[in-house]
Amino acid sequence: AARIIQNMDPTADPCKDFYQYACGGWLNRHVIPETSSRYSIFDILRDELEIILKGVLETSDRGDREAFQKAKILYKSCMNESLIEQRDSLPLLEALTMVGDWPVAYAEWNKTKEPNWSMEEKLSIMNSRFNKRVLIDMFVWNDDRDSSRHIIYIDQPSLGMPSRDYYFNGGNYQKVREAYLQFMITIAKMIREDKNMSKDDSFVQEEMAKVMELETEIAN
């Protein structure tokens, strides 16, 4: 109750500006950080929790249960920036190999890879190895009709951009859409360069335009 009162502005007339009356105290005491687009009590709690987790993950893992050890190993691997810089794009190239390579960054993909390429197999690898849902989202959750059991759900996954509005609307949506396509083109060029492939900007732009067209069809 004290926190709620603290976040109110009792000097404001609720009949004229109810938002200021209900939230004025919060607005006066908090400023949205430059690194955030929003700021609420949940964001503050999340920041505090991250500090606590950082302290826990940086303690010795001697005597820890296996799950805690795995979490600390993952944290240490993410913090080892010198090794990350040293490996450069190698992890990404290895991941692409696992899923059958990328046509835009593989010479004659249609002839050498496509005949043995299976969508079902690659979707399962993306899901199980990388926790990435493409085209189909599958997960296990409580059965809505019987909460004592769990069942497999099949659903549509999220899009490449936040919502379907980004694929069709104008204004700022269009600016994001153009930047999104340019980002794909840039990444494809980087991968081709890292694989010592010839520079072919027109081919890359055509291929990425096809990807954008496919995503737009899915969004529709």
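How much of the chain over residues 14-220 is helix and how much is strand, and how far apart are the end C-alpha atoms? Over this range the chain is 58% helix and 8% strand, with the end C-alpha atoms 43 Å apart; helices (H or I, at least four residues) and strands (E, at least two) are DSSP runs numbered from the N terminus. The model is predicted, local features need pLDDT of at least 70, side-chain atom pairs count only at pLDDT 80 or more, and totals for chains, interfaces and linings use all residues. Residues are numbered from 1 along each chain as its sequence is written, and side-chain values use heavy atoms, with hydrogens and water left out.

In an unreviewed entry, UniProt lists residues 14-220 as "domain: Peptidase M13 N-terminal"; UniProt positions follow the numbering used here, feature names are shortened, and annotations may be inferred rather than shown by experiment. The domain assignment of the chain gives domain 1 (1-81), domain 2 (118-158) and domain 3 (164-219), bounds of this kind coming from an automatic or database assignment. Between domain 1 and domain 2, the C-alpha centres lie 30 Å apart.

Y21 is placed in helix α2 (residues 18-29). Its relative accessibility is 24%, so Y21 counts as partly exposed, a class lying between buried (under 20% relative accessible area) and exposed (over 50%), with a 1.4 Å probe and protein chains only. With residues up to four places away in sequence not counted, Y21 touches M8, D9, P10, A12 and P14, where contact means heavy atoms within 4.5 Å. M8 is 13 residues from Y21 along the chain, and their C-alpha atoms are separated by 5.7 Å.

A search of the whole structure finds four aromatic pairs. Rings of Phe, Tyr and Trp (its six-membered ring) pair if their centres lie within 6.5 Å; planes under 30 degrees apart count as stacked, over 60 as edge-to-face and the rest as tilted. The ring centres of F18 and Y21 are 5.9 Å apart and the planes stand at 45 degrees, so this pair is tilted. F18 and Y21 are three residues apart in helix α2 and are therefore separated by about one helical turn. F18 is exposed, at a relative accessible area of 55%.

The aromatic pair of F139 and Y153 is stacked, at 5.3 Å centre to centre and 5 degrees between the planes. F139 has a relative accessible area of 29% and is partly exposed.
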